[in-house]
Amino acid sequence: MKLKTERHAKEIFEKIISGADVIFQVLDGRNPGGTRNQKLEEFVQKNTPNKKIFLIINKIDLIPQQVLQEWIEYFRKTTPYMVFGLSALYSRGLITFKKKLSHLFAKRQTKAIIVGYPNCGKSSLIKAFTKDKKNVPVSSRAGHTRGIIEIKITQYLSLLDTPGIIPISDNNEVDQGIKGVINPDKIKDKEAVVQALLDLYITPNIIMEYFNIDENYIKDTIPEYSQTFIHKFLQPEFNNTMSYSEFEYLIRLIGKKRGQLSPGGEVNENKVLTTIIHAWQKNKIKYYTLPPRNESIK
Ligand SMILES: Nc1nc2c(ncn2[C@@H]2O[C@H](COP(=O)(O)OP(=O)(O)OP(=O)(O)O)[C@@H](O)[C@H]2O)c(=O)[nH]1
Ligand SMILES: [Mg+2]
């Protein structure tokens, strides 16, 4: 779904948050800044300032503790919202989160809703809450539009079991490929997605490590290019952009390593690109981002 206009965005936001007093905005821990929707936050502040927003940094099992701390500090300094880190998949941080919630909501019945971009872990978080035997489904609001079920997570706080999906604002294939909402086979320009990955998130050495490509392999496989390439891209401190021929070289290396060849014997680039995007979408390639430095305090 595409947010065509400002009005359209507002309609969607309105729908997402209706019926809830508390909004849990789930962020992908590997890129919390990029998976946060500030337009939604502004909308809530302007139109329904009584609704409380929480930032939930999910998937913390995929990032170093120090990186999580930096993001938490960053959000505490630059936003008025409460911030929590957790792993919905491994139920980490859930008890602390619930304890805090029972302190914060101790007077009247309150309803929370989970919102976030596709793939950030909304359903996993709901599942984590449901798995906990102490959290019981309390009501099915029959007669209401969809018969939404609520899960009681503390004495006074219940969670609507249908999350609000924030649509990706532009219908861009690259964004969708990176966010994992489109199957790699369906992506027309796979090269653009892999190049964007290399521009925004991962360095070539991370990809090569993932495919078990080391110095010797590079030297043995395509000797004419190897010294410059090794020097430039096998280092973890890599801070260069790849030229197109270097990019092609990387694809060739991976293709040879994986035996992804066309009948003619050349590397099947399409297959290699699909493999990379697939590995990325399945969270197999490790990465994380750091918060921006020196941002003014709100
Ligand atoms: N490692 C890790 N993976 C997670 C975590 N939470 C969710 N995932 C994975 O991320 C992917 C997306 O999780 P979902 O819970 O389906 O995400 P969602 O936000 O409901 O996605 P949509 O329904 O498509 O909007 C799945 O492969 C989950 O297993 C987590 O805490 N750690
Ligand atoms: Mg879901």
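Modeller: Start with pairing: two strands pair if DSSP finds at least two bridges between them. Helices (H or I, at least four residues) and strands (E, at least two) are DSSP runs, numbered from the N terminus. Here, strands β6 (residues 149-152) and β7 (residues 157-160) are antiparallel partners, with 3 bridges. They form a hairpin with 4 residues between them, and Lys152 sits opposite Ser158 of β7.

Colleague: What should I know about the model and its numbering?

Modeller: It's predicted: local features need pLDDT of at least 70 and side-chain atom pairs 80 or more, while totals for chains, interfaces and linings use all residues. Residues count from 1 along each chain as its sequence is written, with chains lettered from A and ligands numbered from 1 in the order written.

Colleague: Which strands pair with β1, and in what sense?

Modeller: β1 (residues 22-28) runs parallel to β2 (residues 52-58) over 7 bridges, with Phe54 as the bridge partner of Phe24. β1 also pairs in the parallel sense with β4 (residues 110-116), over 5 bridges; there Val26 faces Gly116.

Colleague: And is β1 buried or exposed?

Modeller: Buried means 20 or more other C-beta atoms within 10 Å of a residue's own, exposed 12 or fewer, partly exposed in between, with C-beta atoms placed from the backbone. In β1, 7 of 7 residues are buried, including Phe24 on one side and Leu27 on the other.

Colleague: How many residues surround ligand 1?

Modeller: Being near means a C-beta atom, placed from the backbone, within 6 Å. That gives 17 residues, with Gly121 and Lys122 among the closest; helix α5 (residues 122-131) supplies the largest share, 3.
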